Amino acid sequence: MRYEWADVMLMPENPSTLRIARVIEKRVADLGISCRYLRAVPAEAYPDGWWGDSGYSVKWIDVTLPINWNVNDLVYTAQMFRGLQEVLSYDFRGKFGALVAFTDSGWVPRLFSIACERDGIATVFMQEGIAVQYFDDDRGVSAKSAIMGVVRRAREIVAPRLFRWVEGGMHMQYACVFGSLKAESLIANGKLPERIFVTGNPLFDTIHFKPVEANPASRTVLYIHQEFGNKLDAMIPWWRALVSASRKLDARLIFKLHPRSRLSVTEAQNAIGI
């Protein structure tokens, strides 16, 4: 079956997820699967240069919903109800066969997943960043936080499909995750194992795992890059010093880019000069 828009609709929300989506598009193209990109926020709502150069070359489909990027809880509640009413007015059958999004714990992807479920369209969660483990926090909260906590609990009771918080990957039909830890967490929360696929990070990894030897034959330095919002110019001297120090130790350097990094492996190598 050929679909009017594309076989798969990718729904990136930020430049990091767009980079992952572009890699997915290239890989599935070899299988004869077509992709396009779904945008539910008006183009003018994004800051200038938000998508970078890549944003101009993707094939966007605009299905605009009345939901903004930065909203407080009270406004967000009303917008989600209006957004659900509007998205359900569309008939996506025959338009695309699967929806791939990078979050399903709330906001616009939650609305589209509800509409797709109604129309018999598969929905897929693609992990964006590291797996997060949550712990109870017994510290005191401010009055505002306490009030908003009541609001969140109330709206979850009134409209659980819209507002009930779930771990990323629980709401959509299928989940593609980076590794076993995220898969185990989803299974512990009740997701069926046959609906979870360990793919690695499409931006950096192949389908096959790349384990680090438990007893390496030579000295090995593992550097795990963190996304702290530092500008690239500030990071390059540190990275070059790390490379230099590893060479002096005659050690192999394993440089693991953060999953949300906006750099490709080649770009990182060029920046460092290796």
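**Figure 1. Confidence across the whole predicted model.** The mean pLDDT, the predictor's confidence in each residue from 0 to 100, is 83 for this predicted protein, and 85% of its residues reach 70 or more. Confidence is lowest in helix H2 (residues 54–57), with a mean of 73, and highest in strand E4 (residues 96–101), at 97. Where pLDDT is low, the predicted coordinates should not be read in detail. Because the model is predicted, local features need pLDDT of at least 70 and side-chain atom pairs count only at pLDDT 80 or more, while totals for chains, interfaces and linings use all residues. Residues are numbered from 1 along each chain as its sequence is written, and side-chain values use heavy atoms, with hydrogens and water left out.

**Figure 2. The overall build.** The protein has nine helices and nine strands; these are DSSP runs numbered from the N terminus, with helices (H or I) of at least four residues and strands (E) of at least two. Buried residues make up 43% of the 274 residues, where buried means under 20% relative accessible area, exposed over 50%, and partly exposed in between (1.4 Å probe, protein chains only).

**Figure 3. The largest nonpolar core and helix H4.** A nonpolar core is a set of buried Ala, Val, Leu, Ile, Met, Phe, Trp, Tyr and Cys residues joined through side-chain atoms within 4.5 Å. The largest one has 58 residues, of which Phe 92, Leu 99 and Phe 112 touch the most other members. Helix H4 (residues 107–118) gives the largest share of this core, seven residues. Why is H4 largely enclosed by the rest of the structure? The reason is that 10 of its 12 residues are buried, among them Trp 107, Arg 110 and Phe 112. After H4 comes Gly 120, with a positive phi near 75 degrees.

**Figure 4. Around Phe 92.** Which residues does Phe 92 contact, leaving aside its neighbours within four places in sequence? They are Trp 5, Val 63, Val 87, Phe 112, Ala 115, Asp 119 and Ile 121, with contact meaning heavy atoms within 4.5 Å.

Figure 5. Met 235 sits in helix H8 (residues 232–248) and is buried, because its relative accessible area is 13%. From Met 235 to Ala 271 the C-alpha distance is 9.7 Å, although 36 residues part them in sequence.

**Figure 6. Salt bridges.** The whole structure holds 10 salt bridges, each a side-chain nitrogen of Lys or Arg within 4 Å of a carboxyl oxygen of Asp or Glu. Arg 19 pairs with Glu 267, the closest N and O atoms being 3.3 Å apart. This pair links distant parts of the chain, with Arg 19 in helix H1 (residues 15–29) and Glu 267 in helix H9 (residues 265–272), 248 residues apart. Glu 267 is partly exposed, at 36% relative accessible area. Another salt bridge joins Arg 2 and Asp 7, at 3.6 Å between the closest N and O atoms. Here Arg 2 counts as exposed, at 59% relative accessibility, whereas Asp 7 is buried, at 10%.

**Figure 7. A salt-bridge network.** The side chains of Arg 93 and Asp 91 meet at 2.9 Å, N to O. Asp 91 counts as partly exposed, because its relative accessibility is 40%. Through shared partners, salt bridges join Asp 91, Arg 93, Arg 118 and Asp 119 into one network.
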